[in-house]
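User: Please go through the pockets, cavities and charged pairs of this protein with me, one question at a time.

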Amino acid sequence: DAAHMALWESLDLDIPAHDALLTVLGKFYGDIYLSQQGRLKGAEYLDFVLSEVHGLRIKEIQDAKATGKKVVGTFCVFVPEELTLAADAIQVGLCAGAKAGTEKAETLVPRNTCDLIKSFVGFKLAKLCPYTESCDLVVGETTCDGKKKAYEAFGEHVPMHVMEVPQCKGPRDRDLFRAELTRYKDALEKLTGNTITAAALAAATKVVNAKRQALQRLARLRSADPAPISGRDALLVNQISFYDDPVRFTAKINELCDEMEARIKAGQGVAPSGTPRLLLAGCPMAVPNWKLPYLIESSGAVIVGEESCIGERNTRDFTDETPTDLDGMLDALTDRYMKIDCACFTPNTERLDHIAAMAKELGADGVIHYGLLFCQPYAHEALKVGKAMEAAGLPYLAIETDYGMEDAGQLKTRVEAFVETL
Ligand code: BJ8
């Protein structure tokens, strides 16, 4: 409508290309989400947020900006939302899960870069993402080589702050990350003009922990058989957690969990009891990257967990709320974030234990590892995860793919063959 159009024009989006994107996205969503049988009633919230992801939420963000609030965009779960919220800023995830502006992106990053990176660069250069255009600051991080070098080029197009994330987890690495948190805090204070006080950080930590609590609750309920929610919907919940207002999101997800609990009590689910249950592990699946979950769930299996940053890796750990002074709180943040088992770390053996434990808790019959083409860290770990799953007696399939649809048929054949063995 006219209001949406004016909003997108004010952000200087490429209107015809953006229209085309929303049309494709709408069709894709209809096929993958709205076609599901026995969906939870609470999924209406997911449908609504997604249908308004470039509309109402952007309007809210713009309205907040008009009152002086700042918007911070991120690409990695190492950027502490607690600090961003404590500075009274809005944090949004900018990772993108669709092919867009690829040719333009390849003028800034090499062709053999993963699609996640190419996508966020492409969305910016093709003027397609209202979130990127709303950002007052974009925060990068030195995780994989692909991202850290991409930020050098990306920084010529957006105001950037790059956090140094260490590669190991010894005491010196912890000190480095602690110093980086202070540097990020200073950058936020400069950006917003607000001082991050102990009281503000305590309040923000409560908000972020409550969001984690709701997501953990949802994750635990998925251990029920029959599965009370599809993997697609659970992934969408995690994807939306990076965009929606955190307090509203938490309330909505808790409502969804209430409904799931009732469903479990009644012995109902999205697929019959005995349907093969799979755990997905690996690279994050940014919205609207639903290709593999859709292929899996249309091959006679149900996904019961996501071991990724758009999933368990982002929600597993709480930040300790006991410290009352700012230094103690920053220490607590350091401890919490340094537990993240990203493949960019060396060594990263705890991830193998986490995957095996998750598979057990969720009653998974097998594990599928998803690696994004050209992602070195997760490609290496796919081999290690395979050995660890063999030792744990869990059937395992490693898949490497990108955002293209060309391999969909071939992938479906492989997934179906795997599901048949379970
Ligand atoms: S904490 S997983 S969000 S870095 S897929 S861009 S790794 S080449 S996304 Fe990640 Fe933070 Fe780690 Fe999580 Fe590079 Fe691989 Fe691409 Fe990736």
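Predicted model: local features only at pLDDT ≥ 70, side-chain atom pairs only at ≥ 80, totals over all residues.

User: Which element gives the most to the lining of the largest pocket?

Analyst: A pocket is an open set of points on a 1 Å grid over the protein atoms alone, with protein on both sides within 12 Å along at least five of seven lines, where a 1.4 Å probe fits; a cavity is a set from which that probe cannot get out, and lining residues have an atom within 4 Å of a point. The largest pocket is lined by 45 residues, and those nearest its centre are Ile117, Thr143, Cys144, Lys147 and Cys344. Two or more lining residues come from each of helix H7 (115–125), helix H9 (145–154) and helix H18 (376–392), where helices (H or I, at least four residues) and strands (E, at least two) are DSSP runs numbered from the N terminus. With six residues, the element that gives the most is H9.

User: How many residues in the lining of the largest pocket are charged?

Analyst: Here Ala, Val, Leu, Ile, Met, Phe, Trp, Tyr, Cys and Pro count as nonpolar, Asp, Glu, Lys and Arg as charged, and the others, Gly among them, as polar. The lining holds 31 nonpolar and ten polar residues, and the number of charged ones is four.

User: What is the volume of the second largest pocket?

Analyst: This pocket is lined by 26 residues, with Leu25, Gly97, Ala98, Phe123 and Pro288 nearest its centre. Helix H2 (residues 15–34) supplies the largest share of the lining, four residues. A volume is the space filled by probe spheres set on the grid points, which are joined across faces, edges and corners, and for the second largest pocket it is about 510 Å³.

User: Which residues are joined with Arg351 and Glu307 into one salt-bridge network?

Analyst: The side chains of Arg351 and Glu307 form a salt bridge of 3.0 Å, N to O. Arg351 belongs to helix H17 (residues 350–361) and Glu307 to strand S6 (residues 302–307), so the pair ties together parts 44 residues apart in sequence. Both residues are buried. Through salt bridges with shared partners, the network also takes in Arg313, Arg316, Asp341 and Glu381.

User: Which side chain is joined to that of Glu306 by a polar contact of 2.8 Å?

Analyst: Glu306 is in strand S6 and counts as buried because its relative accessibility is 6%. A polar contact is a pair of N or O atoms within 3.5 Å; within protein, one must be able to donate a hydrogen and the other to accept it, and residues adjacent in sequence count only if both atoms are side-chain atoms. The partner of Glu306 in the 2.8 Å contact is Arg222.

User: Which element gives the most to the lining of the largest cavity?

Analyst: There are three cavities of 30 Å³ or more, and the largest has a volume of about 230 Å³. Among its 19 lining residues, Glu81, Gln91, Lys211, Phe242 and Asn314 are the closest to its centre. Helix H5 (81–86), strand S2 (90–93), helix H11 (198–221), helix H15 (312–315) and helix H16 (326–337) each give two or more residues. With four residues, the element that gives the most is H11.

User: Which residues lie nearest the centre of the second largest cavity?

Analyst: The second largest cavity holds about 100 Å³ of space. Its lining divides into six nonpolar, four polar and three charged residues. Of the 13 lining residues, those nearest the centre are Ala219, Arg222, Asn238, Glu306 and Glu312.

How values were computed. Residues numbered from 1 in each chain as written. Heavy atoms only, no water. Salt bridge = Lys/Arg side-chain N within 4 Å of Asp/Glu carboxyl O. Buried < 20%, exposed > 50% of the residue type's maximum accessible area, 1.4 Å probe, protein only.
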